[in-house]
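This report walks through one protein model, part by part, for a reader who has not seen it before. Please look over the sequence and the structure first, and then follow the headings below.

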Amino acid sequence: MLQQKIPATVITGFLGAGKTTIIRNMLMNAGGKKIALIINEFGDLGVDGDVLKGCGAENCTEDDIIELTNGCICCTVADDFIPTMQRLLERDVKPDHIVIETSGLALPQPLVAAFNWPDIRTRVTVDGVVTVVDSAAVAAGRFADDHDKVDAARVLDEGLDHDSPLEELFEDQLTCADLIVLNKTDLLDAEGIAKVRAEVAERIHRKPTLIEAKNGDVPAFVLLGLGASTEGDIENRKSHHELEHEALHESGEAHEHHHDHDEFESFVMKLGAIADPLAFVDRLKPVIETHDVLRLKGFIDVPGKPMRLVIQAVGSRIDTYFDRPWSAGEKRETRLVVIGLHEWDFGAVVEAVQAAA
Ligand SMILES: Nc1nc2c(ncn2[C@@H]2O[C@H](COP(=O)(O)OP(=O)(O)OP(=O)(O)O)[C@@H](O)[C@H]2O)c(=O)[nH]1
């Protein structure tokens, strides 16, 4: 009899929006569903995968968590994602549901298109694309372009894309959604939330379901079981790049292929033990603001503490918490992944973070 397709849910959304938090909560209340996780990160310090392995959900053990950390899943879909999916489908014990967390910088469109590959499409279907929004960042205008800056630049260069890389990526992730989660609403009042709803609605031509959340508290039955078969609707969810590409093809103009990720850059830093993490966090805030660090996360070795300290910075909003003991064989060290916009002064950021340590 025709094999029932395994449903796969894509969780996307900009850096720090709350994807991992939503997934961790989903694992803890997914009932008996056996979940396989594919976690993609930009910057090869597997923080999300490590955090999720630490949550010890019995329906998703360590070997059900597969990490793809050699770049964005949209660029590595052919040589990384597809083979991973094929290996997963060869397992004798199949998962009930596959959940894919894209990196915060990934375009979901190429990933959804990959589900139309011949030997994937017969066995898996995209149950839905869930786009997580950092409502506080939207309310703060993080994704709205600085229009007078763009207007000034446009005077100089007619061919300038009207959107900044942040704005384009943000819209592309929204356009692809079956469900939009306005997360971090705990940081906003009713007026702020209304403003975010309006801004999100004006950026998309479709009408995906939109829900609010705090600390990723979205019930698993809302996330899993959307039944959208999104891979059959990609015509309706094109990214800016795909639309531009089509327009240029129609006009017959030649154009170079640019990767949307040239505008972003990340690096991993290793630092010594940090005796006073709160002082470190205070000194880090101005560095993040000065250099417009988009995202900083990782693990801190605090001398004398048996537990590992996780640091999570989304823009200059910084959280730290002890998540688990350092394990016996593990080397205690401070490792941070730092992600920013391309035009930043790389050396200066490294020096400033080191000086703050
Ligand atoms: N105040 C608040 N903080 C949140 C909420 N959801 C997540 N966070 C915090 O935001 C930070 C980033 O959360 P993650 O779940 O790691 O975000 P992510 O989208 O997986 O991040 P990347 O994978 O790096 O793109 C963490 O410090 C979370 O604790 C929320 O609803 N409210």
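## The strands around S10

Ala-313, in strand S10 (residues 307-314), stands opposite Ile-318 in strand S11. Strands and helices here are DSSP runs, numbered from the N terminus, with at least two residues (E) for a strand and at least four (H or I) for a helix. S10 and S11 (residues 317-325) run antiparallel and are joined by eight bridges, where two strands are said to pair if DSSP finds at least two bridges between them. The hairpin that they form has two residues between the strands, and Gly-315 takes a positive phi near 60 degrees there.

S10 also pairs with strand S9 (residues 293-300), again in the antiparallel sense, over six bridges, and Gly-298 has Ile-311 of S10 as its bridge partner. This hairpin of S9 and S10 has six residues between the strands, with Gly-304 in the turn at a positive phi of about 85 degrees. S10 is mostly covered, since seven of its eight residues are buried; buried means under 20% relative accessible area, exposed means over 50%, and partly exposed lies in between, with a 1.4 Å probe and protein chains only.

## How the model is to be read

The structure is a predicted model, in which local features need pLDDT of at least 70 and side-chain atom pairs count only at pLDDT 80 or more, while totals for chains, interfaces and linings use all residues. Residues are numbered from 1 along each chain as its sequence is written, and side-chain values use heavy atoms, with hydrogens and water left out.

## Two domains

The domain assignment of the protein chain gives domain 1 (6-240) and domain 2 (260-356), with bounds that come from an automatic or database domain assignment. The C-alpha centres of domain 1 and domain 2 lie 23 Å apart, and 28 residues of domain 1 are in contact with 23 residues of domain 2, contact being defined as heavy atoms within 4.5 Å.

## The largest nonpolar core

The largest nonpolar core has 60 residues, of which Phe-81, Met-85, Ile-98, Ile-100 and Phe-115 touch the most other members. Its largest share, six residues, comes from helix H3 (residues 77-90), and the core draws at least three residues from each of domain 1 and domain 2. A nonpolar core is taken here as a set of buried Ala, Val, Leu, Ile, Met, Phe, Trp, Tyr and Cys residues joined through side-chain atoms within 4.5 Å. In soluble globular proteins, nonpolar side chains tend to be buried together.

Which residues surround Phe-115, leaving aside its neighbours within four places in sequence? Phe-115 is in contact with Ala-8, Phe-81, Met-85, Ile-100, Ile-120, Arg-121, Val-124, Val-126 and Glu-231.

## Strand S6 and its partners

Strand S6 (residues 179-183) is largely enclosed by the rest of the structure, because five of its five residues are buried. Both of its faces are covered, with Leu-179, Val-181 and Asn-183 buried on one side and Ile-180 and Leu-182 buried on the other. S6 runs parallel to strand S5 (residues 124-134), to which five bridges join it, and Val-132 has Val-181 of S6 as its bridge partner.

S6 pairs in the parallel sense with strand S7 (residues 209-212) as well, over four bridges, and Leu-182 stands opposite Glu-212 in S7. Together with helix H9 (residues 190-202), S6 and S7 make a right-handed β-α-β unit; a crossover is right-handed if, with the strands pointing away from the viewer, the path from the first strand over the helix to the second runs clockwise. Thr-209 lies in S7 and is partly exposed, with a relative accessible area of 48%. Leaving aside neighbours within four places in sequence, Thr-209 is in contact with Asp-178, Leu-179 and Ile-180.

## Helix H8 and the cysteines

Helix H8 (residues 165-175) is also largely enclosed by the rest of the structure, because ten of its eleven residues are buried; among them are Leu-166, Leu-169, Phe-170 and Leu-174.

A search of the whole structure finds zero disulfides, a disulfide being a pair of cysteine sulfur atoms within 2.5 Å. Cys-72 is buried at 3% relative accessibility, and its sulfur is 4.7 Å from the closest cysteine sulfur, in Cys-74, which is too far for a bond. Cys-176 is buried too, with a relative accessible area of 2%, and its sulfur is 11 Å from the closest cysteine sulfur, also in Cys-74, again too far for a bond.
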